[in-house]
Amino acid sequence: MALPLLPGNSFDRSLGKEKFHKSQHWGYCNKIAMLVAEDKPGIGGEPLHGQKLKPKYSVFPRGVGSDAPSWVAFDKQVLSFDAYFDEEVPEKNQELYRIRHCKIYFYLEDDTIQVVEPQVKNSGIPQGTIVRRHRIPLPPPNEDQFYTVDYFNINTEVIFYARRYKIVDCDQFTKNFLRKLGVRLNPPAYHPEDPYTRDRQKIADSMKPLRPYERCDTLRQFLEYDGHVLRFYCIWDDTESTFGDPRELILHYFLADDTIEIKEVIPVNSGRDAVPLFLSRKKLPKYAPAGLYQPGAITDRTVLNVFGGLVGNKGRYILDNRKTGTVHQEFYKDSDLTIGAVINVWGRRVKLCDCDEFTKEYYMTKYGIKDFTPIPFKAPPPSKIEKKFPPYTGFGSEEDSLCSCLSLLPQPPQKDFKKFMEKDRKGLESNLLRFLAKFFTDNPIDKDRQFIISYFLSDDTISVFETPQRNTGILGGKFLERNRIKKPGQELFKSEISEYFKAQDLFVGAKVCFHGHNFLLVDADEYAFNYMEKHADEFPMANISLILNKLKAIGEPSSREIKQIFAATDPEHSNVIEYNPFRNLMVNITGGKLSEHEIMTIGRHYSEQNEFEMDINFLLAVAQEQLKKNSFENFGHLSATFIYNDREKCGLLPHEKCRTICKSFRLPLADDLLRALLTMFEDGKEQVDYKKFVNGLNWRENPVPTFQTIKVPIKYEDDWSGQPPSLPVKRIKYLPLIEDVFGTEE
C-alpha cells in the first residue's frame, strides 16, 4: 500500500528539488568564461559520490577586493623567498653533504612556482633553474591539491617533489603582501654556509699564483667614450727642409682607447699627393723615434728562467712579478693636448693652434680650462685677381658680348626664369605698372602730348604708348618698343654692364629720359599704387613709415605752426580737407622735399573714401551658374570637410585653408572669383564663415536670381587710357596725420 504523497511520508530524495539539469563543462570564474570540466558535478549541480568540490572563491568572502581576474589584478607581481636545501654527496670524501642556496618565486597571477639557483663560479654543478615554472602539487596524501600562497612563510619548510626546502627570508614586497593577507611572519632564519665551499675559499685566498692576473679595465673606457673624438687644428712648420712649407694638419684623439690619428689638409693645386692619412690611428709615444729594441724586449711579462724537462712540452718557467728591466713607454694623453702645446709626432714638431666646440666643452668640464684663444696659423688668402673684360664692341647686347668672354664655347645669356614665373601675369594680377607721362619740354607742340609708360615686372622691360588726341596733328600709337632701357649719361663702349631703369626709378613726379626723350610722370593707375604700397619695402616712395619719418624730421621744429595752418585750412572744423589744398599745403610745409608720389601716398593713407563693394549676389550668381554648368552637387561632403578641419568648432577657418579645401574638391571656379567670394564671407581677421559660404554656393537649395547686377561696373586694367582713376582721393583726414607725425597734445 503506497503512502500518500505528503511531506514526511515519502522517501523520494528528489522531493522539493528544483534543479535537474546536466552540469556543463563551461562556467564562470570571476566573471570570466573558462573550462571547469575537471570538477564537473552531477545532476543539478550536486557533487557525485566521493567527490570534493573546490570552493569557487578564496578564503575571503565575496565582495572583498577587486572583481578583476587574477591574471589582471596580480599581473607581474611575484613573491620572492630565500631558501636552501641539503644534498648528500656519497661519492666524495672531502664533503658528506652540500648546502645549496636558491630562490623560490611564487607568481600570484596563476599560483605557479619556480625555483632558481644562482650561478656560483667554478662550482662544477649544473645550476640555474631547478624547477621550471608550473603549479606544484602538495606532497601525499594531498597530491590532488596545489600549493597556494597560504603555505609560504619565513622559517618554514616546503616539499617540492620529495625535496625539502627551508625558507629563511623574503624580500620587502613579499613581507608587505603577506602582512596584508593577515599572515603573521616568523623571524628570519639562519643562513648556513656550505663547509666545502668555505674550505675551498680559504685555500684560494692563501694561494699566491706564479702569474698574477693584472687587470686592465679598458671596457669601461670604451663603453663610456666610444664615438667621442677630440679634434685639434695643427700646423707643422717644415720650412727648414728643402722645398718645405708649412703643413696644415687635423689631429683626432679617440677617447675610447687613447689613440691618435692625423690628417693633412692639402690645398688646391698644391702639387702634393692626396694621401688618406698623415699618421694612422695608433698610440703616439712622447719620445719618438727611440732606438730599435731587440725582439722580446717590449713584452707584457718578464721571464726569469725556464727549467724542467722539455720533452713533451712540459717545461715550466718563472715570471718576474717586479718586472725588472721592463721598458716603459709614455704615450700622449688628453691632458697633454692643449692649445699652444707642441707635440712630437715621430720627430716632427706639431703645434696645436685651435680645436672644435666639443673639445672645448670636454676640457672645460673635465679640467676646468676656460681659455681657448686660437693661435693664427693660416696664411692670409692671396688677393683675388679681378677679371678684366674687354670693352663692349657694339655688336648685339652687352650681356651677349660678355658671355663670349666667360667660356670657350659662347653660351647665350641666362634669364632670371624664377623672377619671370613669379612676376608673370596670373589672372587679375598683371604685374604691370603703368604711369601717365608728358614731355618735359617748353615746346608748345609737344607739351600737351600724353604717354602711357608700362613697366613689366617679369623682365624689367619698358614700353611707351602715346594716347591719340583729336586735332593735334600727331598720330598716336606705339611710341617705344618694349625693351630694357639704359639710364642716360653712361659710356657706350665700356667693360662693365650698363645700368637699366628699375621699377624703383618710376614714380609719380619722377623725371626720366628714354633715348633722349625727357618724360615727367604725372599719374599712375590704381594697380600701380596698390602694388607699390603692398611692396613698400621695395618702393621707398610708397612706404608710409619712411615718408612719415621724413615729414617728422622736416616739420618737427615748427610743429605748432603746422597745426595752426591745418586748422586755418578747415574753418568749419570738419577734420577733413580737400586733396588739392592738402597737396599745396604739404608742398609749402616741406619746401618741395617730398615728391608728388609721396604726397599722394600720404593722401591715400589718410583719405576718406566711399567704400564701393562688389555686389555679393552677383558673385554668387556667377559662381552658381558655373557650378550648375559643371554639375557640381557635392555640397554635403564639402561642408563635412570644412567642419572636420575646424578643430575649435567656432565656424571659422582661415582664408587660405578654405581655398585649399575648395581646390582639393576641384571646385569649377576661377581662382579670382573664388578669392573674391571668400573675401566676401570674411569677418575682418581673414577668418571665413564657411557655413554661409557653402550655403551661398548651394544652387540646389539657395538659388540666386541671375539678373542681379553689381553696384559699380567692372573696369579692366587693359582699358585704362591715362585718365584719373574712378575712385580718386577727394578728402583727407588730417587729424590722424598730425597725431602720427607730431603726437597727441597733452
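How many of the seven residues of strand β18 (residues 450–456) are buried? I looked this up in a predicted model.

**Entry: strand β18**

I found six of the seven buried, so β18 is largely enclosed by the rest of the structure. I then checked its partners. Strand β17 (residues 432–439) runs antiparallel to β18, and seven bridges join them. Serine 454 has serine 463 of β19 as its bridge partner. I noted that β18 and β19 form a hairpin, with four residues between them. In that turn, aspartate 460 has a positive phi of about 60°.

**Entry: valine 345**

I located valine 345 in strand β15 (residues 342–345). Is valine 345 buried or exposed? Its relative accessibility is 2%, below the 20% cut-off, so valine 345 counts as buried. I set aside neighbours within four places in sequence and listed its contacts: Ile262, Leu279, Leu284 and Val350.

**Entry: helices α8 and α12**

I compared helix α8 (residues 526–534) with helix α12 (residues 596–605). Their axes come within 12 Å and cross at roughly 85°. The two helices are therefore roughly perpendicular to each other. From α8, I listed Glu526, Phe529, Asn530, Met532 and Glu533 in the contact. From α12, I listed His597, Met600, Thr601 and Arg604. I sorted the residues of this contact into three nonpolar, three polar and three charged.

Terms used:
Residues numbered from 1 in each chain as written. Predicted model: local features only at pLDDT ≥ 70, side-chain atom pairs only at ≥ 80, totals over all residues. Heavy atoms only, no water. Axes fitted to C-alpha atoms, helices over the stretch in contact; angles between N-to-C directions. Parallel < 35°, antiparallel > 145°, perpendicular 65-115°, else oblique. Contact = heavy atoms within 4.5 Å. Nonpolar A, V, L, I, M, F, W, Y, C, P; charged D, E, K, R; others polar. Buried < 20%, exposed > 50% of the residue type's maximum accessible area, 1.4 Å probe, protein only. Pairing = 2+ DSSP bridges.
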